[in-house]
Amino acid sequence: MRPPTTQEISALFQRTYGHAPTVIARAPGRVEFIGNHTDYNGGAVLGAAIDRYVWVAAAPNPAGRFRLFSASGPSVLELPADPGTRITGSGSWANYPLGVWRSLKDFNLPQPAGFDLLVVSDLPSGAGLSSSAALELATALALLALVGGTLEAGRLAALGRHAENKYVGVPCGILDQGTSAHGRAGQLVHIDCRGPVFSRVPFPASAPLWIFNTREKHALIDGLYATRHRECLDAAQALGVALLADLTPAQLASREKKLTPVLAKRARHIVEENARVHDTADALQRGDLAMVGRLLTASHRSSQHLFENSTPALDALVNLLEPHPAVLGARLTGGGFGGAVMALTRDIFTEQDAVEIARRYAAPPARPPEVIHLQSADGATVLWRG
Ligand code: GLA
């Protein structure tokens, strides 16, 4: 899909609501480059903001009502003055923008009294590319612009995460919102999640990222993510630390006997993955992409065998990608339990190579994975004001 222009978004807004928008904001999706489930364990992650986005156009609603429309949905949702209750069913996506609106108050920021809102996206949802964080951040920037406000990237990320934790009910960490807020073309976002402290690491344009989206259901909201979160906290408690990232691999090895076999596997994944994030950042600084690739594939194997958040489909894709001479490394990206595999390749890897891997994974009539070629991109921003 060609990205929509601001004129096209304005025209759709005009057709939907009968008047022009006053602001258009845009936030990128993200690829979890490495750091699987380390964020809520106080560890480090590396993420790439990507050139697939959510755009939010907005205008005040003079009657103080809340109207929301997604370009991929059937009809406008119209809500009364205090949209207090959680929406269920096909309109449940509106809990994200409404959660952001409510979070403005929690952050002592001004709220528009009502709004008309349009969402347009070229980010596949359910692929583990964080369409929800992009929606939160673009909404926050658009709603704040309606009341003359703005927010710096760190607070913007915190507000998006707060909306997701408190009003959508997903206990996510800061990876998705932090990467979407701080992204920069040609760089990866490094987050030390305990602060959180944000920095950037160079990422060569000659190292393309490929996504193979299995289209399997990404079950974050269904509780598997929450179960892993719980297991990590239980393991930390049994080990006598606040968060698993407090431990080095050597410290964990000496205390592992205190854990049940399942909790020991979860803890090893987090502690070793955290070390891999640091090693990856160092390797990127040195320009050692072969080492980066090996660390990515090691991360996948750890998800597969220790954290058990991979699936046979994701493993099959990694198994096909790993031996390819132009592939440096491959791993599941995001929460897991479905979603997508990310591959880091040499620049000689072509669309044809990607399609061939997809065909070997599932030849028609079976459904091959969706192949998406991505570039790193800039973070969330207000694109246009009327
Ligand atoms: C999801 C969450 C993130 C992070 C990843 C796993 O994307 O939203 O906060 O925990 O899973 O690393």
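# Reading a predicted model, feature by feature

User: Which residues line the second largest cavity, and which element gives the largest share?

Analyst: Leu141, Leu144, Ala145, Gly149, Thr150, Val382 and Arg385 form the lining. The largest share, 3 residues, comes from α3. By class, the lining holds 4 nonpolar, 2 polar and 1 charged residue. The volume of this cavity is about 30 Å³, and the count of cavities of 30 Å³ or more comes to 2.

User: Happy with that. What volume does the largest pocket have, and which residues lie nearest its centre?

Analyst: The largest pocket has a volume of about 1200 Å³. Its lining takes in 48 residues, and those nearest the centre are Tyr96, Ser125, Gly126, Ser131 and Ser132. Two or more lining residues come from each of β1 (23–34), α2 (95–106), β5 (115–121), α3 (131–146), α4 (153–168) and α5 (175–182).

User: How does the lining of the largest pocket divide by class, and which domains does it draw on?

Analyst: The division is 20 nonpolar, 20 polar and 8 charged residues. Domain 1 (6–202 + 379–385) and domain 2 (209–374) each provide at least three residues of this lining.

User: Let me step back to the whole chain. How many helices and strands are there, and how compact is the protein?

Analyst: The protein has 11 helices and 12 strands. Its radius of gyration is 21 Å, close to the 21 Å from the globule rule for 386 residues, so the protein is as compact as a globular protein of that length. Along the principal axes, the C-alpha atoms fill a box of roughly 60 × 50 × 40 Å. Buried residues account for 57% of the 386 residues.

User: How should I read a helix, and what span does α8 reach?

Analyst: The general idea comes first: with 3.6 residues a turn in an α-helix, residues three or four places apart point the same way. Now the case here: α8 (residues 261–286) has 26 residues and reaches 37 Å from its first C-alpha to its last, close to the 38 Å expected at 1.5 Å a residue. Just after α8, Gly287 has a positive phi of about 75°.

User: Which residues other than glycine have a positive phi?

Analyst: Among them are Asn108, with a phi of about 55°, and Ser130, with a phi near 65°. Asn108 lies in the loop between α2 and β5, while Ser130 is in the loop between β5 and α3.

Technical notes: Residues numbered from 1 in each chain as written. Predicted model: local features only at pLDDT ≥ 70, side-chain atom pairs only at ≥ 80, totals over all residues. Heavy atoms only, no water. Helix = DSSP H or I, 4+ residues; strand = E, 2+ residues; numbered from the N terminus. Expected span 1.5 Å × (residues − 1). 1 Å grid on protein atoms, 1.4 Å probe; cavity = no way out; pocket = protein on both sides within 12 Å on 5 of 7 lines; lining within 4 Å. Points joined across faces, edges and corners; volume = space filled by probe spheres on them. Nonpolar A, V, L, I, M, F, W, Y, C, P; charged D, E, K, R; others polar. Domains from an automatic or database assignment. Rg over C-alpha atoms; globule rule 2.2 N^0.38 Å. Buried < 20%, exposed > 50% of the residue type's maximum accessible area, 1.4 Å probe, protein only.
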